[in-house]
Number of protein chains: 2
Amino acid sequence: MNVEVINTGTELLLGNTVNTHAAFFGHELFTIGLRVARQVTVPDGDPIRQVVQEALSRTEVILITGGIGPTTDDITREIIAEVLDLPLHFDQSVMDAMAERFERRGLVMRERNKRQAMVMRGATVLPNANGTAPGLYLPAHNNGRPTPHIFLLPGPPRELHPMFRNQVLPILRGILPDGIDLVCRLIRVAGLGESEVEARVGEQLLAIEGLELGYCARPGEVEVRLVGAAAVVGQAESIVLTLLSENVISDDGRLLEEVVVAALTERKRTCAVAESCTGGHITNRLTNVPGASQAVLAGFVTYANSAKTAALGVPAQMIEEHGAVSAPVAVAMAEGARRVSGADFAISTTGIAGPSGGSTEKPVGTLFVGFCGPDGVASAREFHFPTSRDSFKNLAAQAALDWLRREVIATSVLPPGASAV
Amino acid sequence: MNVEVINTGTELLLGNTVNTHAAFFGHELFTIGLRVARQVTVPDGDPIRQVVQEALSRTEVILITGGIGPTTDDITREIIAEVLDLPLHFDQSVMDAMAERFERRGLVMRERNKRQAMVMRGATVLPNANGTAPGLYLPAHNNGRPTPHIFLLPGPPRELHPMFRNQVLPILRGILPDGIDLVCRLIRVAGLGESEVEARVGEQLLAIEGLELGYCARPGEVEVRLVGAAAVVGQAESIVLTLLSENVISDDGRLLEEVVVAALTERKRTCAVAESCTGGHITNRLTNVPGASQAVLAGFVTYANSAKTAALGVPAQMIEEHGAVSAPVAVAMAEGARRVSGADFAISTTGIAGPSGGSTEKPVGTLFVGFCGPDGVASAREFHFPTSRDSFKNLAAQAALDWLRREVIATSVLPPGASAV
């Protein structure tokens with residue numbers, strides 16, 4: 001079954017916004033065995049008409065993003081109705097949902113929001129939990145002629161992603177022809193480079209017939225992608241898990257921070273974080289995980305030296321003697337974070353993210369990660385990530401979180417009812 | 001002059017690689033007054049044929065990325081030659097440059113690399129300083145019929161970007177018709193919804209002839225896009241700045257956190273952040289800005305109640321009496337962050353990000369933001385953002401940072417040489 005993606009949005013063609021829609025749809029559709037045959041981006045407004053007309057006779061599914069908002073350049077709904085010659089009607093339930101949303105937020109609904117309550121004949125409304133514009137699903141065959149299944153979806157990712165996962169994917173699954181039975185497994189690996197991962201597992205995986213194999217390197221981790229029939233993927237997965245053992249972060253798509261929070265929660269243990277160069281990135285990632293408040297007691301972003309002393313008790317003399325970017329300071333930060341917060345585990349980072357601030361002895365990219373465990377023993381490790389400021393924060397966070405993950409997992413799970421305190 | 005972009009690459013449609021080409025071309029072309037009218041992504045191999053044929057009669061410039069490498073699925077060169085009926089010939093100078101590159105890196109050139117030395121009649125070779133595949137430029141009009149200017153370019157950004165800037169842009173400038181003089185201005189607005197922004201400025205802006213107007217809503221802000229001749233955009237911009245006044249974050253594309261760090265640095269002032277529900281998101285954003293260490297002294301992610309007391313001195317009794325999510329606690333957190341860090345300004349957040357943890361009195365989405373200024377006076381504001389955990393963190397961070405921005409900007413700039421301490 002052929003899927004084409006049409007993205008409307010002038011901002012996607014002006015260079016200010018990177019279009020992540022193609023990657024998102026590609027990734028999500030793959031989980032049900034579908035692929036994107038073509039993706040097109042056009043500016044807001046009329047250009048979408050021609051692209052839709054071209055796609056109508058070529059594809060079975062069209063996913064359209066953008067142009068269903070309240071402003072004058074949002075005309076996707078009207079164009080689809082016109083191209084397929086379908087009348088639009090006012091839908092009171094859509095209007096009520098919008099009004100309720102506006103009221104809940106203490107905002108005034110404008111006359112122009114009413115346009116968002118217009119629905120074309122035969123379309124199903126897809127409620128939008130995160131915005132005002134509902135999505136629309138127009139099943140195949142309209143006005144007695146063959147047309148694709150057409151989905152009109154909001155452009156902002158925070159609205160699009162949950163709507164697609166919760167509402168569009170189930171519909172697509174329902175209209176899929178039988179016989180597609182692909183399984184896709186993503187295994188996240190830490191502590192090894194892409195070529196090292198391939199060197200360890202590649203030969204055995206390539207020998208499996210019917211397996212589609214892919215590697216994708218991301219900052220501080222490698223994703224191994226296994227696609228094929230369930231039995232084939234199962235066989236491949238057990239090879240990867242055996243050969244890469246504790247380097248495997250997850251085999252179910254979970255992120256490193258999700259694995260850390262789950263491992264802590266399961267053990268009724270807690271952690272704290274002391275960050276200098278990562279500037280809150282680690283704590284932010286940990287607290288992105290729902291339920292993190294059970295496991296993450298506190299984070300200290302001690303950017304200034306005085307803050308390292310005031311908040312974590314790092315001796316000023318130690319900073320003067322060794323420098324803020326040093327193993328002793330990383331150790332003292334981790335110890336301080338554990339002591340002040342009362343957490344079981346603490347990790348710390350201190351380094352030079354750049355672009356400036358480096359020296360010959362400690363160039364940009366130098367990083368010390370500190371760790372302090374439930375026994376109160378602390379240590380530090382040195383890393384070098386000479387890269388951009390952005391990537392440095394990412395890589396440093398991966399290194400610290402992966403250390404914490406390995407240590408927490410090595411801790412035994414407490415019996416039910418017992419407490420770690 | 002119309003420009004279309006065609007990206008070939010299966011990886012761009014499988015969800016593992018985000019296609020940054022559209023944003024890159026959009027940004028670069030805009031500097032010479034050109035825009036991308038359409039961008040298409042197709043898998044490697046034959047699908048590019050149809051897309052090129054469609055574009056031939058529609059556009060003056062085609063930029064194609066990908067499919068000019070050495071492997072069997074790299075057939076862009078051959079397809080263009082076939083579609084335009086142009087013979088390919090072997091170019092010894094391309095071959096020599098490749099051989100030299102392989103030798104320099106101590107690598108063996110394969111037989112299949114020879115395909116990369118094939119050049120179609122009339123094409124100019126664009127040397128590739130960062131890879132083996134040279135680009136190709138085929139000027140308009142071939143075989144006696146009107147055809148667009150066609151550029152075949154490498155897919156990897158590190159090869160594409162310098163080739164485009166150093167070789168393609170100068171060619172495009174040379175073939176541009178005179179009189180193109182477009183300016184693009186992005187104005188970021190905080191504290192108002194998209195429809196409210198349009199209600200305030202839409203009518204006056206729509207009355208300006210020759211102005212292209214767009215709105216783009218992001219979490220906690222709205223982007224107003226003004227495009228047109230310099231005089232027209234200038235007129236529109238002054239209307240927006242006047243009508244939206246202090247709601248304008250920036251008119252040069254800068255992010256809220258960049259504006260905050262710049263405003264602090266310019267005034268030689270410092271800030272600290274105390275975060276509960278935003279979990280480090282605010283401090284992480286501030287420290288993403290290069291040079292943030294001058295302005296951001298510390299961040300405290302006091303997730304647990306005990307951490308609020310231990311790290312910031314929030315009285316345990318206050319938490320018990322009012323709850324951790326309350327105005328008095330937000331105030332005490334801001335005061336504590338300012339006191340412990342010694343910063344001039346402090347902001348704080350405490351709220352219920354969800355998905356669980358809400359009550360009838362304080363439902364999921366409840367937020368208190370605290371602020372403490374250089375005079376030591378603190379206050380709190382209440383917000384309600386009933387949305388996903390992710391969006392909640394974003395919206396809460398916007399609310400807190402925007403408050404800080406307004407307060408810092410209201411502070412006078414110190415004379416050169418003076419210090420705020």
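Reader: In strand 7 of chain A, which residue is the bridge partner of Leu126(A)?
Author: This is a predicted model, where local features need pLDDT of at least 70, side-chain atom pairs count only at pLDDT 80 or more, and totals for chains, interfaces and linings use all residues. Residues are numbered from 1 along each chain as written, chains are lettered from A and ligands numbered from 1 in written order, and side-chain values use heavy atoms, without hydrogens or water. Strands are DSSP runs of E, at least two residues, numbered from the N terminus. In strand 7 of chain A, Leu126(A) has as its bridge partner Gly135(A).

Reader: In which sense do strand 6 and strand 7 of chain A pair?
Author: Two strands pair if DSSP finds at least two bridges between them. Strand 7 of chain A covers residues 135–138, and three bridges join it to strand 6 of chain A. The sense is antiparallel.

Reader: Which strands stand at the edges of the open sheet of twelve strands?
Author: The order is 6(A)-7(A)-8(A)-3(A)-1(A)-2(A)-2(B)-1(B)-3(B)-8(B)-7(B)-6(B), with mixed pairing. An edge strand here has a single partner strand, so one side is left without a neighbour in the sheet. These are strand 6 (124–126) of chain A and strand 6 (124–126) of chain B.

Reader: Is Val369(A) buried or exposed?
Author: Val369(A) lies in strand 16 (residues 366–372) of chain A. Leaving aside neighbours within four places in sequence, its contacts (heavy atoms within 4.5 Å) include Phe383(A) and Trp403(A). Buried means under 20% relative accessible area, exposed over 50%, partly exposed in between (1.4 Å probe, protein chains only). At 0%, Val369(A) is buried.

Note on methods: Helix = DSSP H or I, 4+ residues; strand = E, 2+ residues; numbered from the N terminus.
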